[in-house]
Amino acid sequence: MVSRLVLGCGTTGHALVEHLSQRRGELFVLDGDASRVESLRNEKVAAEVRDVTDPAEISGLERDVDVVLVATDGAAANRLAAEAAREVYPDAELVAYLGFEATSDDREALDAVADRVVDPGAAILDHVEEVATAEGSGKLQALRTTLEAIDGTLGVFMHDNPDPDAIATAVGLSRIAAEFGVETEAYYFGEISHQENRAFVNLLDLDLRNVEAGEELDFDAIALVDHSAPGVNDQLDPETEVDIVVDHHPPNDDVDADFVDIRPGLGAASTILVEYIRGFGLDVETEVATALLYGIRVDTDDFAREITTDDFEAGAWLLDRADTDILERIESPSVSADTLDTIARAIRNRELDGSVLASCVGAISDRDTLAQAADRLLAMRGVTVTFVYGYTEGTIYVSARSRGSDEDLGAVLRSAFDEMGSAGGHADMAGAQLPLGLFDDVGEEAEQTLTEMVEDVVATRFFEAVRGG
């Protein structure tokens with residue numbers, strides 16, 4: 001059985017560990033960051049806090065090491081870690097990641113000690129070469145033809161209450177459209193209520209327009225991003241003719257548009273836009289690059305969930321073009337009182353069935369607090385699936401998360417709720433929207449009764465779907 005030692009767990013290392021943890025053999029990780037090590041341990045990965053550049057720190061592990069993989073994000077650290085690994089484990093196969101901002105000296109030093117050096121620049125060149133194939137060129141040409149045929153303004157519609165991936169995809173498509181002389185307007189229904197998402201839009205000064213259902217809008221063509229059907233998770237007329245669809249969620253029905261690019265295998269829709277930007281050879285503004293990088297990071301849980309090679313390579317390409325200082329400011333907003341209150345109610349009202357947790361939080365003022373509660377509850381010991389739901393303005397909102405579970409949450413929620421409203425998502429992250437309907441007739445004075453009725457129906461259908469009932 002192969003024993004692998006990973007030295008360093010930056011963006012690249014985390015994606016690597018995620019992949020290796022699914023393979024046979026022993027895996028052990030050393031990293032200097034205590035919070036990263038704790039995160040890995042929560043993911044059931046054996047890890048310890050060590051200085052990976054110090055030979056004394058990486059020795060004495062009391063285990064055989066067949067392969068050493070050096071994978072911090074920094075070129076200088078990788079160079080020192082590789083030299084230390086070669087000294088301590090002279091017979092092991094040594095694979096070293098070059099890292100970003102590497103000099104020719106760094107490359108020469110790694111070539112001298114490692115059996116193989118992985119260069120992020122080479123990975124990007126390989127990707128560009130793939131885009132130049134017949135299939136890649138065909139997609140580029142098809143999008144270009146569709147855009148050049150638009151006479152007037154392209155309305156780019158995100159899904160309701162858009163998340164960073166939807167917002168970034170809209171911004172990316174608008175940038176490409178501008179290259180071909182097409183004016184765009186980015187629209188969304190609902191609100192951007194999550195504090196990080198508001199910081200994201202405000203700090204990057206993104207030009208988005210919030211609209212109401214039935215509002216008169218002036219556009220000549222329509223694009224849907226991060227969703228694929230008009231009238232489903234947006235307030236458009238279901239009969240609206242659509243020109244462009246870019247999404248990474250599996251569609252419930254056939255998608256009808258002049259140009260369709262739906263890739264359920266990708267971790268983020270933003271990744272698709274990066275491919276087109278690179279394929280067209282465009283120089284992107286810092287704001288656009290930062291938005292796309294953040295969109296990918298959020299939808300892949302910082303390159304740790306449903307990550308693919310394409311997602312990683314898109315992130316690597318964006319990294320030097322994005323403003324990482326702004327990203328840090330986006331990711332460190334204050335937590336609202338509403339969020340803390342919702343999390344508290346979710347914990348207090350939790351219902352467990354084995355490792356599956358469901359919780360009704362009742363009336364809410366901010367639907368984004370549900371996702372944060374579902375994420376937080378997933379950290380509870382023994383819990384592999386969380387399902388948190390509440391209601392506001394005539395709609396029940398659902399947010400579900402899973403980790404280390406065989407459940408496909410997107411399929412489970414579609415099975416449970418498609419007849420009642422709209423539902424979908426990925427295997428480990430999904431959501432649903434259900435009209436309150438007759439429940440709403442009990443009136444505001446009977447909120448407790450309304451909550452009990454919603455809980456009885458929603459939780460019952462969810463647990464039945466999980467059990468395959």
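# Charges, strands and loops in a predicted model

At 35% relative accessibility, Arg 144 counts as partly exposed.

## Salt bridges

The side chain of Arg 144 meets that of Glu 148 in a salt bridge, with 3.1 Å from N to O. Both residues lie in helix H7 (residues 134-148), where they are 4 residues apart, about one turn of the helix. Glu 148 is partly exposed as well, since its relative accessibility is 46%.

Side chains of opposite charge can pair when their charged atoms come close. By the rule applied here, the count comes to 16 salt bridges.

Another of these joins Arg 79 to Glu 83, at 4.0 Å from N to O. Because Arg 79 and Glu 83 are 4 residues apart in helix H4 (residues 75-88), about one helical turn separates them. Arg 79 has a relative accessible area of 29% and is therefore partly exposed. Glu 83, at 33% relative accessibility, also counts as partly exposed.

Asp 261 is buried, with a relative accessible area of 4%. Arg 263 counts as buried too, at 14% relative accessibility.

| Salt bridge | N to O distance |
|---|---|
| Arg 79 and Glu 83 | 4.0 Å |
| Arg 144 and Glu 148 | 3.1 Å |

## A patch of negative charge

On the surface, a patch of negative charge gathers Glu 241, Asp 253, Asp 254, Asp 256, Asp 258, Asp 418 and Glu 419. One of its members, Glu 241, sits in the loop between strand E10 (221-225) and strand E11 (242-247). Glu 241 is exposed, because its relative accessible area of 73% lies over the 50% cut-off.

The loop between E10 and E11 also holds Asp 226. Asp 226 has a relative accessible area of 3% and is therefore buried. Its phi is positive, about 65 degrees, although Asp 226 is not a glycine.

## Paired strands

Strand E4 (residues 67-70) pairs with strand E5 in the parallel sense, over 4 bridges. Within this pairing, Val 67 stands opposite Glu 93 in E5. Strand E5 (residues 93-97) is mostly covered, as 4 of its 5 residues are buried.

With strand E13 (residues 350-353), E14 pairs in the antiparallel sense over 4 bridges. Here Glu 351 stands opposite Ala 358 in E14. The hairpin of E13 and E14 has 2 residues between the strands, and in this hairpin Gly 354 takes a positive phi near 70 degrees.

With strand E15 (residues 385-392), E14 runs parallel, and 7 bridges join the two. Val 356 has Val 385 in E15 as its bridge partner. Because 7 of the 8 residues of E14 are buried, the strand is largely enclosed by the rest of the structure.

## Residues in loops between helices

Asp 301 is placed in the loop between helix H11 (286-299) and helix H12 (309-319). The phi of Asp 301 is near 55 degrees, a positive value in a residue other than glycine. At 44% relative accessibility, Asp 301 counts as partly exposed.

Asp 323 is found in the loop between H12 and helix H13 (324-330). With 25% relative accessibility, Asp 323 counts as partly exposed. Asp 323 and Thr 153 are 170 residues apart along the chain, and their C-alpha atoms are separated by 29 Å.

Ser 336 lies in the loop between H13 and helix H14 (337-348). This serine counts as partly exposed, at 23% relative accessibility.

Key
Residues numbered from 1 in each chain as written. Predicted model: local features only at pLDDT ≥ 70, side-chain atom pairs only at ≥ 80, totals over all residues. Heavy atoms only, no water. Patch = residues over 30% accessible without salt bridge, like charges linked within 9 Å, V, L, I, M, F, W, Y side chains within 5 Å. Areas by Shrake-Rupley, 256 points an atom, 1.4 Å probe, with all protein chains shown as cover. Lys, Arg positive; Asp, Glu negative; His and termini not counted. Charge placed at Lys NZ, Arg CZ, Asp CG, Glu CD. Buried < 20%, exposed > 50% of the residue type's maximum accessible area, 1.4 Å probe, protein only. Pairing = 2+ DSSP bridges.
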